[in-house]
Amino acid sequence: MKNIVLIGFMGCGKTSVGKALATETKAQLVDTDEAIVNAEEKSINQIFAESGEKGFREIETTILRGIGNLSGNGLIISTGGGIVTTPENIPLLKKAGTVVWLRVKPETVIRRLAGDTTRPLLAGDNPEEKVRDLMEKRKDMYAQAADEVIDVDSLSIDDIVKKVLQFRSK
Ligand code: S3P
């Protein structure tokens, strides 16, 4: 069984959908952000503060390379929203499995992440503008990495899980 790789902007539901998919399929879930936090023994905020986005991206690519080499079959892999911004990650994502883009509108992200303090790239003034800017910059990168796309704004976690499983059985 091919692995499923979930990509998409912060707040699109990758982590929740990944967990639900893993439960539903009894597959192992691998989350790149979680793997980074465990490997570094630091929070994402701490890594950004100490090493900047560049340092974080280097660790992210190392982790993704390791995941690509995992022998497990039918894994569910959820990723950080910016993983597509490192060009060398695109072939690594594709190698890791069927890449599913959970596409989300900026308004949905803004609503879901209001008050969130765990995303360093949205910290500070005007997070709404940051969401729109980042999303605009990244949309072609998500499209390039994706094998399949799901528009998630009006879907429940269960709806999304069903759609992903249809791709897997294709
Ligand atoms: C990031 C998204 C985050 C995390 C880091 C950077 C991004 O993951 O990897 O804060 O650049 O979009 P989520 O998409 O799980 O929030």
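Colleague: Between which two helices is the loop that holds Glu 41?
Modeller: Happy to start there, with the reminder that this is a predicted model, where local features need pLDDT of at least 70, side-chain atom pairs count only at pLDDT 80 or more, and totals for chains, interfaces and linings use all residues. Residues are numbered from 1 along each chain as its sequence is written, and side-chain values use heavy atoms, leaving out hydrogens and water. Helices (H or I, at least four residues) and strands (E, at least two) are DSSP runs, numbered from the N terminus. On that basis, the loop with Glu 41 lies between helix H2 (32-40) and helix H3 (44-68).

Colleague: Is Glu 41 buried or exposed?
Modeller: Buried means under 20% relative accessible area, exposed over 50% and partly exposed in between, with a 1.4 Å probe and protein chains only. The backbone of Glu 41 has a positive phi, near 55°, in a residue other than glycine. Because its relative accessibility is 70%, Glu 41 counts as exposed.

Colleague: And what is the relative accessibility of Lys 26?
Modeller: Lys 26 is in the loop between helix H1 (14-25) and strand S2 (29-31). Phi of Lys 26 is near 55°, again positive in a residue other than glycine. Lys 26 counts as exposed because its relative accessibility is 75%.

Colleague: Which side chain makes a polar contact with the side chain of Ser 78?
Modeller: Ser 78 sits in strand S3 (residues 76-78) and is buried, with a relative accessible area of 1%. Leaving out residues up to four places away in sequence, Ser 78 touches several residues, including Leu 6, Lys 14 and Val 30; contact here means heavy atoms within 4.5 Å. A polar contact is a pair of N or O atoms within 3.5 Å; within protein, one must be able to donate a hydrogen and the other to accept it, and residues adjacent in sequence count only if both atoms are side-chain atoms. At 2.7 Å, the partner of the Ser 78 side chain is that of Asp 31.

Colleague: Stepping back, what is the radius of gyration of the protein chain?
Modeller: The chain has 7 helices and 5 strands, in the order β-α-β-α-α-β-α-β-α-α-β-α. The radius is taken over C-alpha atoms, and the globule rule is 2.2 Å times the number of residues to the power 0.38. For 170 residues that rule gives 15 Å, so the chain is as compact as a globular protein of that length, its radius of gyration being 15 Å.

Colleague: What share of the 170 residues counts as buried?
Modeller: The C-alpha trace spans about 45 × 35 × 25 Å along its principal axes. Of the 170 residues, the buried share is 46%.
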